[in-house]
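I set out below what I looked up in this structure, entry by entry.

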Amino acid sequence: MFGDLLKSWGQTKSQPYFLCSNTFKGAKIEASVWGSAEVARFNRILQPGCKYTIHRVIISPNMEYVEFRAIEHLFECHFDQKTVVEPSLPIEFPILPKHLMPFSDVAKRPNKTFVDIVGIVVHCCERECFGRYGKYREAIFMDAWGNLIAVRIWGLQLTHNSYLWSTAEGGNPIIVIATMLEKDIKFGDLNSSDYTNVAFNPAHRATRPLQDVRQKIINRAIDMAFVRRFVERRCAFVAMVLAKRDARYKK
């Protein structure tokens with residue numbers, strides 16, 4: 001198989017890797033390594049952002065219903081002592097995946113899993129807030145059916161695209177594809193990660209149904225009062241969660 005290593009993190013006896021495994025569709029698959037010796041070996045070999053040809057890989061059905069998996073996929077793969085890794089030829093892997101997850105499916109995903117979505121940014125918090133990872137700005141994404149989801153933009157994704165995020169609502173809504181967003185059940189939103197890619201108004205087939213909706217928003221043919229109500233409920237919900245964490249409110 002061909003793979004573009006997206007992310008890995010070290011553990012003692014097991015380690016998951018995220019691979020972009022399909023050159024044409026940009027699909028991601030989770031690979032795992034078991035055993036301290038094998039984890040150390042693959043940590044030396046595999047580097048995030050590099051492309052590899054991997055031989056003797058064990059493919060099996062995804063076991064997310066038995067054990068936590070960070071990526072939704074029909075299959076998963078395993079590396080062992082027989083697996084051989086070679087540097088790949090300079091194959092261009094797509095930055096954006098072909099298939100993106102509907103908002104209705106995002107709601108069903110477990111905590112700490114990663115998702116790829118597309119939506120129209122219909123609201124962006126005017127002020128930057130401070131959270132556990134530093135400064136962030138919260139944006140509200142809307143799909144073609146009017147479903148809304150909150151996304152917190154952190155780190156480099158915020159600083160590098162600060163102007164675009166600040167002008168993303170109002171009379172100039174922007175269609176955004178965001179990948180590798182991490183779900184946070186506690187706050188009911190998605191968070192950008194160090195591995196998130198964001199594309200503004202991209203030429204992607206998944207954006208076609210949103211083009212007509214975006215034009216109607218620009219022409220004020222859609223009443224956006226429901227977005228304001230969602231933001232108000234969202235602020236009240238976040239305030240309630242933060243209040244429960246405040247020692248002054250604990251008995």
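In which sense do S8 and S12 pair, and over how many bridges? I found that S8 and S12 pair in the antiparallel sense, over seven bridges; two strands count as paired if DSSP finds at least two bridges between them.

Basis of the entries. I work from a predicted model, in which local features need pLDDT of at least 70 and side-chain atom pairs count only at pLDDT 80 or more, while totals for chains, interfaces and linings use all residues. I number residues from 1 along each chain as its sequence is written, and side-chain values use heavy atoms, with hydrogens and water left out.

Overall. I looked up the secondary structure and found six helices and 14 strands in the protein chain; these are DSSP runs numbered from the N terminus, helices being H or I of at least four residues and strands E of at least two. Of the 251 residues in the protein chain, 46% are buried (under 20% relative accessible area, with exposed over 50% and partly exposed in between, for a 1.4 Å probe and protein chains only). Contacts (heavy atoms within 4.5 Å) were examined next: among those between residues at least 6 apart in sequence, 61% join residues at least 24 apart.

Strand S8. I noted that ten of the eleven residues of S8 are buried. Ile 117 has Ala 178 as its bridge partner in S12. S8 also runs antiparallel to S10, joined to S10 by four bridges. Cys 124 stands opposite Ala 139 in S10.

Nonpolar cores. I took a nonpolar core as a set of buried Ala, Val, Leu, Ile, Met, Phe, Trp, Tyr and Cys residues joined through side-chain atoms within 4.5 Å. The largest has 21 residues, of which Ile 117, Phe 141, Trp 165 and Leu 190 touch the most other members. Two or more residues come from each of helix H2 (103-106), S8, S10, strand S11 (148-154) and S12. Leaving out residues up to four places away in sequence, I listed the contacts of Ile 117, which include Leu 100, Phe 103, Phe 141, Val 176 and Leu 190. Another core, of 19 residues, lies apart from the largest one, and Leu 96, Ile 140, Leu 210 and Phe 230 are among its members.

Helix H5. I found Leu 210, Val 213, Arg 214 and Ile 217 buried in H5 (residues 208-218). Seen down the axis of H5, these residues fall within an arc of 105°, so they line one face of the helix; the arc is that of the directions from the helix axis to the C-beta atoms. They pack against S8 (114-124), S10 (134-142) and S12 (174-184). Just after H5, Arg 220 takes a positive phi of about 60°.

Two asparagines. I placed Asn 191 in strand S13 (residues 189-191), where the residue is buried at a relative accessible area of 6%. Its side chain makes a polar contact with the side chain of Trp 154 at 2.8 Å. I applied the cut-off for a polar contact as a pair of N or O atoms within 3.5 Å; within protein, one must be able to donate a hydrogen and the other to accept it, and residues adjacent in sequence count only if both atoms are side-chain atoms. Asn 161 lies in the loop between helix H3 (155-160) and helix H4 (162-166) and is buried, with a relative accessible area of 17%. The side chain of Asn 161 reaches the backbone oxygen of Gln 157 at 3.4 Å.
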